[in-house]
Amino acid sequence: MWKPLNRNGLTVLTALLLVCLTASIAFGAVVAQLQVRQLIPGLAEKVMQLPEPRLAQLRATKARADMEVLRQNYFVRNNVPFIRGAEGEEFELIPLSKMEYAPSAVQLQKSHVLATPLSDLRAYIQTEPLVVATPPDVVDHRPDQTSVKNQSNRGTCVCFASMAGLEVAYGGGSLDLSEQYANYLYMKAEGHGCKSAGLQTHMSADYLSAHGVSQEGVCPYQNDKYNFPGYCNNGGLPAPAMRVSSEASSPYRIKSYQKIWRNDSLTTDTGLWINNPRYLEALLRGGKDIVFGTHVAGWVTPYTGVLDVKLGSSGDPLGSVGGHAMLIVGYNKPGEYFIVKNSWGTNKGQAGYLYLSYDYIRTYAKYGYVINEVHPLVLTIRRPMLRAVPRIQRSE
Amino acid sequence: MRKALWLAALAAAVAAGVVCAEVSKMSKGTLWIVPYDHQGVLRVAPGDVIEVWTTPLAVIPENLEARFRASREGRGVELVGEALPHKEGTMERLYFFKAFDPGEATLKVELLDPEGRVRETWTYRVQVGPCETSEP
């Protein structure tokens with residue numbers, strides 16, 4: 001006769017079910033492994049029985065990879081092709097052109113030390129520790145960026161910062177994405193009209209992963225915030241038609257991103273926060289640029305020096321006059337400043353770039369994000385048109 | 001003992017009633033959000049708060065040294081605070097005025113250039129009526 005289980009019975013039954021489940025998963029895994037081995041006979045053995053020359057080759061590759069840490073070393077910067085290790089072994093250095101962070105043009109200029117015979121350099125290196133484990137003092141992604149733009153008199157800095165980040169994520173070069181279209185997307189998502197402006201910078205990552213943007217040519221930027229006819233019908237087409245056209249040609253979209261928040265309780269440079277310069281340095285070393293929002297306080301034209309925290313008469317940092325969005329593209333550790341791409345044209349700052357001190361970032365940075373991956377562009381290849389080819393008469 | 005318990009329960013009920021009455025009094029005020037280009041008279045009640053948004057000046061070099069200033073003329077309303085909107089791109093300010101007594105006032109927001117000269121002015125007329133007219 002069936003009886004309802006009491007509490008102990010239920011516990012035992014649950015435990016039994018769990019044991020059965022675990023056993024079946026383990027069994028499945030073993031069977032799958034066996035099948036793979038049967039399909040690729042001798043797989044495990046081949047991995048275990050690498051021939052000695054191949055192992056040596058792997059070790060050499062590993063050694064070269066380790067040498068990457070030397071890329072900011074004096075010898076690397078000065079284009080010395082190889083150095084000799086403490087035990088007499090020679091290491092070929094990675095060519096400058098293949099380095100992730102190729103030194104900037106100034107650093108590439110040959111130093112007078114290069115006139116020193118190589119043998120002397122080798123002798124010198126033998127007495128010095130070889131591996132430089134410290135991170136590079138300077139990371140500068142400016143050469144990778146697209147051109148510096150000008151937002152004119154509109155409050156569209158978030159569009160410019162986010163497009164700058166997206167352009168470089170797509171490889172930079174001459175790519176020019178439409179800030180006008182981005183502003184249309186952002187304001188629509190925020191429930192504002194297309195002539196409005198202003199946005200929490202990190203929200204642009206959400207909107208750019210939900211919708212793509214077009215190139216500048218499809219929807220050009222309108223400089224005057226008061227005198228453009230709405231949306232982006234500057235091509236003379238009625239707005240809805242232009243909108244459809246723009247949406248159809250808007251493939252530039254974020255696939256994955258990582259937001260970075262502020263931690264107001266930080267007292268040391270620790271943690272994955274926007275107000276931790278060490279974290280931002282690490283991101284930049286990893287090849288990322290950081291789209292970020294910050295308070296603006298105490299900036300003095302022409303913005304060519306390092307913008308630092310200024311104190312008011314009360315001894316506190318000056319209050320914010322507003323929020324601004326830009327793109328962090330590098331850092332200079334000895335100088336304690338970040339290199340930031342701005343959108344005020346090339347005649348402001350250092351050819352359009354600002355230097356913000358580490359303290360400024362600690363004090364005023366609000367939030368930001370890095371783009372991890374973008375959607376690949378799908379190229380539509382037109383079928384070649386068939387046409388009549390004139391028959392060639394062969395001469396006998 | 002039983003009497004003491006009854007008394008304690010009664011006192012707790014009275015205290016709860018008083019607190020509820022105070023809270024409901026506090027929550028009666030209305031928040032009026034006023035865009036910079038608002039025209040027309042605002043009719044508010046004592047206890048109401050008026051949040052005036054300034055013009056959305058862009059964060060660009062030409063504007064960085066400009067400043068906003070808010071004040072009020074007349075009676076019934078006081079400037080109680082200001083804030084920055086939580087976004088990037090514009091230099092708007094939010095000014096908070098609170099209505100205290102019946103009366104008429106004009107709220108004034110001015111945009112000043114770096115030398116302190118008034119570049120532009122916006123005004124908003126406010127009538128603070130008795131409590132009965134406070135329904136929005």
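Reply: Gladly! Let's begin with a term for naming places along a chain: helices and strands are DSSP runs, numbered from the N terminus, and a strand has at least two residues. With that in hand, take Ala351(A), found in the loop between strand S8 (337-341) and strand S9 (353-357) of chain A. Please keep in mind that this is a predicted model.

Me: What is the phi of Ala351(A) near?

Reply: First the general idea: most residues other than glycine have a negative phi. Ala351(A) has a phi near 50°, a positive value in a residue other than glycine.

Me: Which other residue of chain A has a positive phi?

Reply: Tyr303(A) is one, with phi near 65°. You will find Tyr303(A) in the loop between S5 and S6 of chain A.

Me: Why is Tyr303(A) called partly exposed?

Reply: The label falls between two cut-offs: buried starts at 20 other C-beta atoms within 10 Å, and exposed means 12 or fewer. Tyr303(A) has 19 other C-beta atoms within 10 Å, so Tyr303(A) counts as partly exposed.

Me: What about the peptide bond from Thr301(A) to Pro302(A)?

Reply: As a rule, most peptide bonds are trans. The bond from Thr301(A) to Pro302(A) is cis, with omega near 5°. Pro302(A) sits in the loop between strand S5 (290-296) and strand S6 (306-307) of chain A.

Me: How many helices and strands are there in chain A?

Reply: Chain A has 12 helices and 10 strands. Of its 396 residues, 30% are buried. Among contacts in chain A with a separation of 6 or more, 68% are between residues 24 or more positions apart.

Me: How do I read the way H7(A) passes H8(A)?

Reply: Look at the distance between the axes, then the angle. The axes of helix H7 (residues 157-169) and helix H8 (residues 179-190) of chain A come within 9 Å and cross at roughly 115°. The crossing is right-handed. On the H7(A) side, the residues that meet H8(A) are Val158(A), Cys159(A), Phe160(A), Ser162(A) and Met163(A). Their counterparts in H8(A) are Glu179(A), Ala182(A), Asn183(A) and Tyr186(A). By class, this contact has six nonpolar, two polar and one charged residue.

Me: Now for chain B: in what order do the four strands of the open sheet come?

Reply: In general, strands of a sheet pair through backbone hydrogen bonds, either parallel or antiparallel. In chain B the order is S1-S3-S6-S5, and the pairing is mixed. Strand S1 (31-34) and strand S5 (77-83) of chain B are the edges, each pairing on one side only. From one strand to the next, the twist averages 25°.

Me: How many bridges join S1(B) to strand S3 of chain B?

Reply: Four bridges join S1(B) to strand S3 (residues 49-53) of chain B, and the two run parallel. For one pair to look up, Val34(B) has Val52(B) in S3(B) as its bridge partner.

Me: How many residues of chain B are in contact with chain A?

Reply: 13 residues of chain B are in contact with 24 residues of chain A. The chain B side comprises eight nonpolar, three polar and two charged residues.

Me: And what confidence values come with the prediction?

Reply: The predictor gives the complex an ipTM of 0.76 and a pTM of 0.67. Chain B has an average pLDDT of 84, with 79% of its residues scoring at least 70.

Technical notes: Residues numbered from 1 in each chain as written. Chains lettered and ligands numbered in written order. Predicted model: local features only at pLDDT ≥ 70, side-chain atom pairs only at ≥ 80, totals over all residues. pLDDT = per-residue confidence, 0-100. Contact = placed C-beta atoms within 7 Å. Pairing = 2+ DSSP bridges. Axes fitted to C-alpha atoms, helices over the stretch in contact; angles between N-to-C directions. Nonpolar A, V, L, I, M, F, W, Y, C, P; charged D, E, K, R; others polar. Left-handed = near helix turned anticlockwise from the far one by under 90°.
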